[in-house]
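Visitor: Before we look together, could you take me through the terms used for this model and show what each of them rests on?

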Amino acid sequence: VNNFELEDYLNRYLHITQYQDYTLNGLQIEGRPHVEKIICGVTASLALIEHAITEKTDAILVHHGYFWKGESPAITAIKKRRIKALLQNDINLYGYHLPLDGHTEVGNNALLAKLWRVEQAAPIAACDLVWSGEVDDLSCDDLSAVLSRSLQRQPLVIKGGKHRIRRLAWCSGAAQDYLEKAVRSGADAFISGEISERTYHEAKEYGIHYFAAGHHATERYGIQALGEHIRENIGIEYQFIDCPNPV
Ligand SMILES: [Zn+2]
């Protein structure tokens with residue numbers, strides 16, 4: 001498939017115009033025109049690019065690409081090395097950020113709901129990135145065990161007041177500051193990837209259970225599902241490379 005046609009397809013499938021993102025969604029770095037082989041990963045790190053070079057892939061598809069709002073536009077240091085490697089090897093870089101968290105089929109939050117078997121999982125409001133749903137009456141320890149088993153990573157747990165968890169809210173990545181939204185949605189527990197110092201006090205004062213289950217760990221699923229979707233619908237082969245990240 002042509003690299004720009006692939007971009008058009010993905011932009012439409014992921015409804016990129018519905019999101020106010022702080023990065024670019026779509027083709028971020030243009031490579032060779034013909035795409036037959038793709039590598040998917042969470043972050044466009046140099047390690048992922050090196051995999052793509054070794055595997056002679058035409059394109060890299062990631063959740064965390066480049067050009068974040070607020071960062072310096074200068075192409076120096078790490079950014080220079082990454083972009084140079086992509087350009088020299090004529091590899092396309094596609095990045096899909098918030099659209100890949102919120103999508104109802106291949107989004108990280110939708111896939112976490114399946115992984116944790118949450119019933120009636122849905123965004124708390126139209127297009128909201130925070131999702132909620134019902135679970136089978138779990139204790140804080142039960143939920144912690146579910147998370148470590150399913151994500152292969154021990155979560156950091158701030159225990160809340162309630163003994164049983166029935167209503168769960170979650171948002172992949174660094175969504176610790178959506179804690180209040182989760183509380184307002186009536187959740188007994190909130191799960192995200194990361195945690196800040198302030199999150200501890202906020203969770204304690206709200207009395208909600210908070211689980212920092214890993215930014216990378218909660219965002220591994222969407223990009224793989226998107227690769228699978230491309231394989232099924234466009235017939236391009238993809239490979240998911242999980243560059244481990246404990247954060
Ligand atoms: Zn993220």
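## Helix packing

Guide: In this predicted model, Leu46, Ile49 and Ile53 in H2 meet Arg81, Arg82, Ala85 and Leu86 in H3, where contact means heavy atoms within 4.5 Å. By class, the contact of H2 with H3 has five nonpolar, no polar and two charged residues; Ala, Val, Leu, Ile, Met, Phe, Trp, Tyr, Cys and Pro count as nonpolar, Asp, Glu, Lys and Arg as charged, and the others, Gly among them, as polar.

Visitor: Why are H2 and H3 called roughly parallel?

Guide: Helix H2 (residues 46-54) and helix H3 (residues 77-88) have axes that come within 10 Å and cross at roughly 15°, the axes being lines fitted to C-alpha atoms, for helices over the stretch in contact, with angles from 0 to 180 degrees between N-to-C directions. Angles under 35 degrees count as roughly parallel, over 145 as roughly antiparallel, 65 to 115 as roughly perpendicular and the rest as oblique, and H2 and H3 are therefore roughly parallel to each other. Helices here are DSSP runs of H or I with at least four residues, and strands are runs of E with at least two, numbered from the N terminus.

Visitor: What makes H1 oblique to H10?

Guide: Helix H1 (residues 3-13) and helix H10 (residues 221-234) pack at about 120° with their axes 12 Å apart, and that angle makes H1 oblique to H10. The residues that meet are Leu6, Tyr9, Leu10 and Tyr13 in H1 and Leu226, His229, Ile230, Asn233 and Ile234 in H10. By class, this contact of H1 with H10 has seven nonpolar, two polar and no charged residues.

## Sheets

Visitor: How do you know that S3 and S4 pair?

Guide: Two strands pair if DSSP finds at least two bridges between them, and strand S3 (residues 59-64) and strand S4 (residues 92-95) have four, in the parallel sense. One of the bridges joins valine 62 to glycine 95 in S4.

Visitor: What makes S1 and S11 edge strands?

Guide: Five strands form an open sheet of mixed pairing in the order S1-S4-S3-S2-S11. Strand S1 (26-29) and strand S11 (237-240) each have a single partner strand, so one side of each is left without a neighbour in the sheet.

## The zinc site

Visitor: Which atoms count as donors of the zinc ion?

Guide: His64 (NE2), His215 (NE2) and Glu219 (OE) coordinate the zinc ion at 2.1 Å, and donors are N, O and S atoms within 2.8 Å of the metal (3.2 Å for Na, K and Ca), although water is not among the atoms, so sites may look incomplete. Their spacing along the chain is H-x150-H-x3-E.

Guide: Residues are numbered from 1 along each chain as its sequence is written, and side-chain values use heavy atoms, leaving out hydrogens and water. Local features need pLDDT of at least 70 and side-chain atom pairs count only at pLDDT 80 or more, whereas totals for chains, interfaces and linings use all residues.
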